[in-house]
Amino acid sequence: MALKTSDNDDDLFRQLVEKESSKPVDTVVWEILWYRVSQATLDEVREVLKFDLSLGRGPRYTIQNECSALRNFLASEHEPDQLMRMVAYEANTVLEENTDLEARRFLQSLLGVYDDVLTDHLDE
């Protein structure tokens with residue numbers, strides 16, 4: 001016996017998924033800066049990402065999501081000092097200058113690490 005569903009079910013499901021999904025800023029703060037970067041250098045992050053990618057499809061999906069979230073986050077506008085505070089507090093990283101510009105450079109370098117590791121992994 002098949003259950004009849006309304007035409008609105010798909011729309012309601014998409015709305016629920018969108019509402020409950022992590023936003024790019026959440027992924028950047030908790031998964032990338034706090035979990036991956038706060039205790040590591042960019043070179044160490046690179047090595048951990050390479051190792052995680054060797055574990056299979058699940059970690060690859062996670063890393064691709066993190067990369068996409070970081071890219072989307074950097075493409076959006078931010079309040080003054082938001083980037084600097086995020087890098088300083090969530091990533092536990094000391095910048096040469098405590099400015100949003102320097103924090104953006106750091107985050108773009110981090111994005112470069114993700115891009116390089118994913119590209120290298122796909123080329124193998």
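Modeller: A contact means heavy atoms within 4.5 Å. Keep that in mind for Glu102, which touches Leu95, Glu96 and Glu97, leaving aside residues up to four places away in sequence.

Biologist: What kind of model is this?

Modeller: This is a predicted model, numbered from 1 along each chain as its sequence is written, and its side-chain values use heavy atoms, with hydrogens and water left out. Local features need pLDDT of at least 70, and side-chain atom pairs count only at pLDDT 80 or more, while totals for chains, interfaces and linings use all residues.

Biologist: How many helices and strands does the protein have?

Modeller: Helices (H or I, at least four residues) and strands (E, at least two) are DSSP runs, numbered from the N terminus. Here there are 6 helices and 0 strands. Along the sequence the pattern reads α-α-α-α-α-α. Glu102 sits in helix α6.

Biologist: Is Glu102 buried or exposed?

Modeller: Buried means under 20% relative accessible area, exposed over 50%, partly exposed in between (1.4 Å probe, protein chains only). Glu102 counts as buried because its relative accessible area is 17%. Across the 124 residues of the protein, 31% count as buried.

Biologist: Which residues have the most contacts inside the largest nonpolar core?

Modeller: Such a core is a set of buried Ala, Val, Leu, Ile, Met, Phe, Trp, Tyr and Cys residues joined through side-chain atoms within 4.5 Å. The largest one here has 29 residues, and Val28, Ile32, Leu33, Leu70, Leu107 and Leu110 have the most contacts inside it. At least two residues of this core come from each of α2 (24-37), α3 (42-53), α4 (57-75), α5 (82-90) and α6 (100-123). The largest share, 9 residues, belongs to α6. Take Leu110: it touches Ile32, Leu33, Val37, Leu42, Val45 and Leu70, not counting residues up to four places away in sequence.

Biologist: How much of the contact list links residues 24 or more positions apart?

Modeller: Such pairs make up 68% of the contacts with a separation of 6 or more.

Biologist: What volume does the largest pocket have?

Modeller: Rolling a probe the size of a water molecule over the atoms shows where empty space is left. On a 1 Å grid over the protein atoms alone, a pocket is an open set of points where a 1.4 Å probe fits, with protein on both sides within 12 Å along at least five of seven lines. Points join across faces, edges and corners, and the volume is the space filled by probe spheres set on them. The largest pocket comes to about 210 Å³.

Biologist: Which helix gives the largest share of its lining?

Modeller: Lining residues have an atom within 4 Å of a point. Helix α4 gives the largest share, 7 residues. The lining includes Lys23, Glu31, Tyr61 and Asn72.
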